[in-house]
Amino acid sequence: MEFDGSGWAEGRIELLPPSQGWSLLSPEPEARIDEHRWAHQARVFFGAELTLVQKKAYPSGSTPMADAVEVDVARTSSSSTSTPRETSRVLVMTVPLDRAPLVRAAAAAGVRAIGGRGFDALLARARRVWQVREPPIAGDDARAPLVVTAVLAAVLLAPVVPPGEETIFGVKGARERLQRLGW
């Protein structure tokens, strides 16, 4: 994937099938990536260090229609003398919801599977899909995509459609899954 001088992905961004990525449905229509906010949420609420590989700039306040970014994520060190942290890299992509009919259908199936529980209202407000590719594109921590997904769910106030499952959940569900995986 190529990126321009502002860090925006060049060319058409095509999401993966819902079975190959963690999909989030955001009410915000913009594709703005705020590294400082993402990193703060990761560090404070998930014990993770998060860094964008492609730095993003938004000249004149404009944002791209679709975008992608590679994100490095590692568990926060508990002490300065600990061994080096294992860093994994994940790919995050975003497109307007109308360009992601398969994700929308998977989200609707997830909402039906859990009996709505308020997620039907969240789905109705969704304007943009964010997707975290599964598995990581570099590194060995298979939890890295879920960590980034949990951070995005918190930042974007977006429900999550997990790959290969017929369900939908929010930040709490992501946090519970991470806890079960030992994060």
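## Strands β4 and β5

Arg 128 in β5 is the bridge partner of Pro 96. The two strands, β4 (residues 87-96) and β5 (residues 128-133), run antiparallel to each other and are joined by five bridges; strands here are DSSP E runs of at least two residues, helices are H or I runs of at least four, and both are numbered from the N terminus. Pairing requires at least two DSSP bridges between two strands.

This is a predicted model, where local features need pLDDT of at least 70 and side-chain atom pairs count only at pLDDT 80 or more, while totals for chains, interfaces and linings use all residues. Residues are numbered from 1 along each chain as its sequence is written, and side-chain values use heavy atoms, leaving out hydrogens and water.

## The whole sheet

Zooming out, β4 and β5 belong to an open sheet of six strands, ordered β2-β3-β4-β5-β1-β6 with antiparallel pairing. Its edge strands, each pairing on one side only, are β2 (48-52) and β6 (160-161).

Helix α4 lies across β1 (21-26), β2, β3, β4, β5 and β6, at about 0° to β1 (axes are lines fitted to C-alpha atoms, for helices over the stretch in contact, with angles from 0 to 180 degrees between N-to-C directions).

Val 148 sits in α4. Is this residue buried or exposed? Val 148 is buried, at 1% relative accessible area (buried is under 20%, exposed over 50%, partly exposed in between, with a 1.4 Å probe and protein chains only). Leaving aside residues up to four places away in sequence, Val 148 touches Leu 50, Val 71, Val 73, Val 90, Val 92 and Val 132, contact meaning heavy atoms within 4.5 Å.
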